[in-house]
Amino acid sequence: MLNDWLFIGLMLLIAPIFPIGAIVIPSILAPKKPNPLKSQTYECGIETVGDTWVQFKAQYYNFALVFLVFDVEIVFLFPWAVAFNQLPLYGVIVGILFIEVLVIGLVYAWRKGILEWF
Amino acid sequence: MSPLQLIFILVSAITLGAALMVVTTRNMVRAALWLVLTLFGVAILFVLLEAGFFAVAQVIIYIGAIAILMIFAIMLTRRIAHDPGPQINTTWPIAAVIALVVFGLIVFFVQGWEKTVSQPAPFPPGFDPLRELGVALVSANQYLIPFEIASILLLAALIGAIVIAWDKK
Amino acid sequence: MADPVTFIGQWLESIFAGWGLSSAWISVIMAALGVLVLSGSVLLVDILLVWVERKVVARFQDRLGPNRLGPFGLFQPIADVIKLLLKEDITPQGADKFVYNLAPILALATVIILWAVIPISVTVVGSTINVGALYIVAVGAIGTLAIIMAGWASNNKYALLGAFRMVAQMISYEVPMVIAILIPVILAKSMSLADIVASQSVWYIVLAPIAAVVFLIGAQAELGRAPFDLSEAESEIVAGFHIEYTGMKFGLFYAGELLHALTFGGLFATFFLGGWRGWGAETYPILGIGYFFIKAMFMYWVIMWIKYSFPRVRIDQMLNFCWKFLTPLILTVLSITAILDKLMSGVPYWIYVLVMLFSNLVILYFVYQAVGRYARKERQKVADPEKVQVNFRVRSSTPSQAS
């Protein structure tokens, strides 16, 4: 089994070399003429006003939260799906019960208005 | 030194180094990114233990959901990204001595225990660990009850987080 | 010459064995060569994709596209690459240098490593790990992280805003997309992509059409393409999370996006269109490579077709669509597919196929009715405003309610 992962490990090491090369080559070939006006952050052609840290909406966090719970659920479901042939019918029913408990959570989040974007 | 041990030492060194950077870095977003590297190192350790499923589950849940949740949380709070306080506690020599002693004791006991092996036992032929995990999760005499309780636990966590995050208008 | 890749592989192995290397070293060197060949060919196809994208968008918009450089404009991407390599690299002030440079590398690298598990023919596959489907989800999760890094490291509030919206969209649509991947896993009883392709004697798009469509919609959202491209909405937040990237770093994001689209085309072909399967693909593996490439390019063309035909949706419409429609729908399809698969375990295959297809059509019918009712209610709300309850308090001595 580890031989399969060897390919992936080598790919993780070798694949970034191409983008790194694509960044290193311009650092050799391209002109370098920095001046303070060019390095200013972009704000539609006007001077930057205020800090980069603006108060962001809490809605982003709500969605990430609901996503986390569903992510864990889905990861649990994958071994269940792989073992389908060996499961009796009640094994399938139990898995669906697992899904339905989290559907209750989704409906709760829906009714409480967590999934709104104001 | 087999190549597996070499890779293990390298990956463990990276993981521990990144974990050290998590707690010593002053910038919180940088700390979150070092945490991502730590979690990735743990995933590679799972692969070395021939538990491929747990490696990808680690990446999906910890890096893909929890790390992103943490980064969102850091960016949603204003102005506490920099910690100007002192990095080192004044009682650090005593803490270092205690840590070394505990480490020495753990190494001594783990090496002395006869069940510690340097190579995991190979699977019997025809044994597919992933399929067995799936069957075990829904078998009544194995892990069915924890499986269902896990779903209720997730539901409780979701409801709890919603109650906390809910804006009572 | 039915299987050139395996032939060359065995020839190289015999050369290395002749040099006296141990078998462990041979497998490492062969794996490294395989990685180099795979990454190299994927990147070459990526450069071709720039030309394909520009020609196809031009045809959709009733114009010609690049046609000056080389026959049919085929050398245009080479000119683009040379131009991007020679552009000055402007780093915005206050940007976190390491993370700023790491983000485009990660964005392209995560797309390249996806190709490690996709079976290109019956004998050519990078790695047959038994968790291929989850590996794809995991790599997608790392790609999400690359976008946050890009947005944060640019020290620009528009980049950060664009990155946040893009990530919110990507994680929302990851849920229905991963559940849509779970359905072929149930049908094939294995997570390994090679097994999923090998068990598609009938393509899974026939067995699970709703899952295929949901996967396609999820892919469109993961790629950040229209109708879900509000992170690149030029009129709103200018280019989203890659505003501050110039030259080749922007080129890496752009090339990464195109390659990601082709990768999703390849994944759709693997999960639902039978991958490399076709007439004669088992005996002549080189035909398998051809079939896979044709199917992947066709799905890439469908993704482009959707991109250039639809207007943009608002972010609240998009998130509502995901969480309140797609997720319940795909969970329903999953439950029904799981129960039907178990109930029909001994049944001959053609009955199985027909029952699955029929169940999907029944679900589609109910969905159509429900959506129709919802649309009619929404239209009525807009059309007859006086039917809507309005309560307001008049600020006078006698507070009254008008409705």
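This is a predicted model: local features need pLDDT of at least 70, side-chain atom pairs count only at pLDDT 80 or more; totals for chains, interfaces and linings use all residues.
Student: How many helices and strands does the secondary structure of chain C come to, and what share of its residues is buried?

Tutor: The C-alpha atoms of chain C fill a box of roughly 105 × 65 × 40 Å along the principal axes. Of the 403 residues in chain C, buried ones make up 55%. The secondary structure of this chain comes to 14 helices and two strands.

Student: Which element gives the most residues to the side of chain A that touches chain B?

Tutor: The contact between these two chains involves 46 residues of chain A and 48 residues of chain B, and the area buried between them is about 4,400 Å², with carbon and sulfur atoms giving 80% of that area. On the side of chain A that touches chain B, the elements giving two or more residues are α1 (2-14), α3 (59-82) and α4 (89-111) of chain A. The one that gives the most, with 18 residues, is α3(A).

Student: How do the residues on that side of chain A divide into nonpolar, polar and charged, and how many salt bridges does the rule find across the interface of chain A and chain B?

Tutor: Between chain A and chain B the count is one residue pair in polar contact, with both residues at pLDDT 80 or more. The residues on the side of chain A that touches chain B divide into 35 nonpolar, six polar and five charged. As for salt bridges across this interface, the number that the rule finds is zero.

Student: Is C:Thr110 buried or exposed?

Tutor: C:Thr110 is found in helix α4 (residues 97-112) of chain C, and a polar atom of its side chain lies 3.1 Å from the backbone oxygen of C:Ala107. Leaving aside neighbours within four places in sequence, C:Thr110 is in contact with C:Val139, C:Ile142 and C:Gly143. Because its relative accessible area is 7%, which falls under the 20% cut-off, C:Thr110 is classed as buried.

Student: Where is C:Ile129 found, and does it count as buried or exposed?

Tutor: C:Ile129 is found in the loop between α4 and α5 (132-153) of chain C. Leaving aside neighbours within four places in sequence, its contacts include A:Asp4, A:Trp5 and A:Ile8 from chain A, together with C:Val117, C:Tyr135 and C:Ser192. At 2% relative accessibility, C:Ile129 counts as buried.

Student: What is phi of C:Asp62 near, and what is phi of C:Phe72 near?

Tutor: C:Asp62 is placed in the loop between α2 (23-60) and α3 (76-85) of chain C, and C:Phe72 is likewise in the loop between α2 and α3. C:Asp62 counts as exposed at 73% relative accessibility, and C:Phe72 counts as exposed at 65%. Each has a positive phi in a residue other than glycine: for C:Asp62 the value is near 65°, and for C:Phe72 the value is near 60°.

Technical notes: Residues are numbered from 1 along each chain as its sequence is written. Chains are lettered from A and ligands numbered from 1 in the order in which they are written. Side-chain values use heavy atoms; hydrogens and water are left out. Contact means heavy atoms within 4.5 Å. Buried area is the accessible area (1.4 Å probe) that two parts lose on being put together, summed over both. A salt bridge is a side-chain nitrogen of Lys or Arg within 4 Å of a carboxyl oxygen of Asp or Glu. A polar contact is a pair of N or O atoms within 3.5 Å; within protein, one must be able to donate a hydrogen and the other to accept it, and residues adjacent in sequence count only if both atoms are side-chain atoms. Helices (H or I, at least four residues) and strands (E, at least two) are DSSP runs, numbered from the N terminus. Ala, Val, Leu, Ile, Met, Phe, Trp, Tyr, Cys and Pro count as nonpolar, Asp, Glu, Lys and Arg as charged, and the others, Gly among them, as polar. Buried means under 20% relative accessible area, exposed over 50%, partly exposed in between (1.4 Å probe, protein chains only).
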